[in-house]
Amino acid sequence: MIRIENLTKQYDATTVVDDVSFDVERNSITVIVGTSGSGKSTLLRMINRLVEPTSGRVLLDGADTRSEPAHLLRRRIGYAIQGNGLFPHRTVAENVATVPRLLGWPEERIRARVTELLEIFQLDPALYASALPHQLSGGQQQRVGVARALAAEPAVLLMDEPFGALDPIIRDKAQEDLLDIQRRFGTTVVFVTHDMDEAFRLGHRIAVMSQGRLLQYDRPATLLTHPADAFVARMTGLSDRALKLLALTTAGEAALPGSSDGPRVASSASLREVLSELLWRRADSALVSGEDGAPCGRLTVAAILARAHP
Amino acid sequence: MAITAPRQRVDRLGLLLTAAGAAALIGLPFVVFKSNRIVPGEPRALHEVLPLWAALGFQAVLLGDAAVALGVADGRRRLAAALAGIVVLALAVAAAANGLTPPGNKVVRIAPGGASWVLLVSLGLMATDAITRLRPGPLARVLLLALTLVIAGAALAIGTFDNLSVMREYAVNAGRFRAELLRHLWLAGGSLIAALIVGLPLGILCHRVPRLRPPLLGTLNVVQTIPAIALFGILMAPLGALAARVPAAAALGIRGIGAAPAVVALFLYSLLPIVADTVVGLRRVSHEAVEAALGMGMTDNQVLSRIELPLALPVILTGIRVVLVQNIGMVTIAALIGGGGLGTFVFQGIGQNAIDLVLLGAIPIVVLAFSASVLLDALIEALDRTTSVSAGARA
C-alpha cells in the first residue's frame with residue numbers, strides 16, 4: 001500500500017531521518033514509535049509531503065507521491081494531529097466538510113457525509129453540526145478532528161500523536177473508536193506516538209525509531225520476543241514484557257477444547273485480562289464464551305503462563 | 001429598626017463630578033453673550049437667562065443627577081440620569097440662547113459658558129462610567145451610539161440650537177462645511193485604504209519571510225517618529241519637483257502643498273499599525289490549524305484566505321481602528337498646508353480669534369473619531385468572540 005524507500009531528511013548538517021525503508025500493509029494500523037527527536041513525525045510528514053525528503057521516495061499504490069502536486073496528494077490522504085487543529089472560526093460541520101469542499105463534492109453529498117460521520121463519532125448532528133469548536137469538550141474536539149480527516153473517504157489516514165493531549169479515560173475511548181473505525185472502513189492507518197502502550201494497543205505492526213534510524217519493524221509480539229537490540233528491548237519495557245505479550249493474544253485465539261466450571265470470560269478478552277481474573281478469583285481455569293454467549297473452550301492458568309515467554 | 005440598612009457608601013467618582021458641577025454652576029457663567037462676533041463676551045448666570053421656573057427646574061434635575069451619582073450603584077439608572085441631565089442641559093442652553101437673542105437679530109453671539117461645559121463633561125463622564133459598568137455587548141454599544149447621533153442630528157435639523165454661536169457660524173459656512181466634511185472623510189479614508197492596499201501584503205510578506213520583519217518594521221517605526229508638520233515639509237520638495245517635471249502628475253493634482261503631501265504623510269503614518277498588526281494577527285493564528293489546513297490539501301493561498309486572514313482579522317481591525325482614529329485627527333493639520341478638511345475651520349478660527357469657528361471644526365472631528373472608534377471596537381469584539389483562543393480556553 002505504502003512503500004517507504006530509503007527516506008532521508010537532512011536539515012543543514014543534521015540528519016533527522018536516516019535511510020528508512022519499510023512497507024505499510026493495506027487495511028492495517030502501523031504505529032511509528034520513538035522518543036522525541038527520533039524523527040518519527042518527520043517521517044510521517046514525508047508521506048504526505050508536508051516535508052519533502054532529501055533523498056529516497058514514497059510509493060502510494062505503486063505510484064511515486066511526487067507524480068502529482070503536493071496539495072492534490074494530501075486531499076487523498078487523511079491527516080489528524082495532536083491538539084486536533086480544528087479551525088476555530090468554522091462550525092463543526094464546516095470543519096468536517098473541509099476536504100470534500102476542496103474536492104468539489106456536490107453540497108448534497110457533503111451534507112450526507114458530514115451527518116454520517118458525526119453519527120459514527122457519537123456527536124448528535126442536531127446538537128453539534130453548527131457548534132463552534134470551542135464549545136466542545138476536548139474529547140469531542142478530537143473526535144471531530146478524526147472525523148474531518150476521514151471525510152473524503154481516504155484510503156490512507158496519517159495520525160500524528162492525535163490522542164496526546166487527552167486524559168487517560170478519554171484517550172482509552174478514542175483508541176477503541178479508532179480500532180472500530182479502522183475495521184469498519186478498512187482504512188490503512190499510519191500512527192505516530194511516543195507511548196509504547198498505545199503502540200501495542202493499536203498497532204498491527206510497530207516501527208521503532210531512534211535518532212532518525214528505524215531500529216525494528218515487526219509485529220508487536222515479535223518486538224517483545226525478539227527485540228533487535230537493547231534499545232528496542234528497553235523501549236518496549238523489560239519489567240512487564242511477559243504481561244504485554246499476554247495482552248496481545250485474545251482468549252478466543254488461545255482457548256483449548258473442553259469446558260470449565262471456573263469464571264466465564266469473553267473470547268475477545270486478552271490473556272492478560274483472563275489471567276488477572278483467574279488470580280483474583282483464585283480459580284484454576286476459565287470458561288471462554290463467544291460473542292453469542294455460547295461456550296467455545298477453556299483456558300487454564302498453566303496454558304496462559306505457557307504463552308507468557310518467547 | 002430591625003432591618004439592617006445596607007451600608008451607604010458614597011460613590012467617589014460621583015462626589016468628584018458633583019463637586020465639579022456645583023462649583024462650576026456657582027463660579028462660572030452659564031452662557032457668554034456677545035453683541036457681535038468680535039467684541040469680548042459678557043458672562044451670564046443661569047438665573048439671568050432663564051425664567052425662574054425653568055432655572056429652578058433645571059437645578060432640580062441637576063440635584064437629582066447629583067443624588068444618583070452619589071448614592072445609586074445601578075448602572076442603568078446612572079446612565080438614564082446622566083443622559084437625562086445632558087438633554088436638559090442642552091435644552092437649557094438652547095433656551096438661554098433663544099431668550100437672549102432679539103427677534104431677527106443675526107449679529108449677537110451666545111455661546112455656552114464655563115459652567116455649561118463643565119456640566120457637560122461631568123455628565124458625559126457619568127454616562128461613560130455607567131456604560132463601562134453595564135458592559136454592554138457590541139451591538140448594544142453601536143445602537144446606543146446610533147440613537148445618540150440620531151437624536152442630536154434631529155435636534156440640529158429642527159433648529160433647536162440655531163441661536164447658539166456655533167450654529168450661527170455653521171449657518172454662515174453651511175456650503176463650505178459640507179465640502180470640508182466630505183474632504184476630511186476622503187483624506188482620512190483614502191489614506192487608510194491606500195495603507196491597507198500596501199500594508200496588508202507587506203504584513204503577509206513579513207509573516208512569511210521573518211528576515212524582512214526587523215528592517216521593515218524598523219523603517220516604519222522611524223517614519224512614525226517624524227512629527228506631522230516636519231513630514232509635510234519633507235514631502236513638499238519631492239512632490240513639488242515631481243509636479244514640475246511630470247505634467248501628468250500635476251494634472252492628477254499632485255503638488256508640493258495641498259492634498260497630495262497630506263495623503264502621502266497620512267499613508268506613511270498608517271503603514272506601521274497596519275503592517276505590525278497584520279504580522280501580530282497572523283502570528284496569533286494557531287499553528288495546528290495552519291498545519292491541519294496544509295495537511296488536508298489546501299494550497300498556500302487557500303490557507304491564507306480561508307484560515308489565516310479570517311483568524312487574524314480581529315487584530316488587523318485593531319490596526320485599522322488605530323489608523324482611522326489617528327487619521328481623522330491628523331487630517332486636521334493637513335489644513336495648514338492647504339489640504340482642506342475640517343481643520344480649515346479650526347485654523348481659520350484661531351487666526352480670527354473666533355472660538356466658535358474653531359468649535360465648528362473641532363466638534364465634528366471629535367464626533368467622527370469617537371464614532372469610528374466605537375464602531376470598530378464593536379466589530380472587533382463581535383468577531384473576536386467567535387475566533388479568539390481565549391474563548392476556546394474558557395469552554
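The points below describe the domains and the sheet of chain A and a helix pair of chain B.

1. This is a predicted model, in which local features need pLDDT of at least 70, side-chain atom pairs count only at pLDDT 80 or more, and totals for chains, interfaces and linings use all residues. Residues are numbered from 1 along each chain as its sequence is written, with chains lettered from A and ligands numbered from 1 in the order in which they are written.

2. Chain A is assigned domain 1 (2–238) and domain 2 (244–306), with bounds taken from an automatic or database domain assignment. The centres of these two domains of chain A, taken over C-alpha atoms, are 33 Å apart, and 5 residues of domain 1 are in contact with 4 residues of domain 2 (C-beta atoms, placed from the backbone, within 7 Å).

3. In chain A, 6 strands form an open sheet of mixed pairing, ordered 6-7-8-3-9-10, where strands are DSSP runs of E of at least two residues and helices runs of H or I of at least four, numbered from the N terminus, and two strands pair if DSSP finds at least two bridges between them. Strand 6 (77–81) and strand 10 (213–218) of chain A each have a single partner strand, so one side of each lacks a neighbour in the sheet.

4. Within that sheet, strand 3 (residues 29–34) and strand 9 (residues 205–210) of chain A are parallel partners over 5 bridges, and G34(A) has M209(A) in strand 9 as its bridge partner.

5. In chain B, helix 7 (residues 165–208) packs against helix 13 (residues 300–334) at about 145°, the axes being 9 Å apart; axes are lines fitted to C-alpha atoms, for helices over the stretch in contact, and angles run from 0 to 180 degrees between N-to-C directions.

Key:
Two residues are in contact if their C-beta atoms, placed from the backbone, lie within 7 Å.
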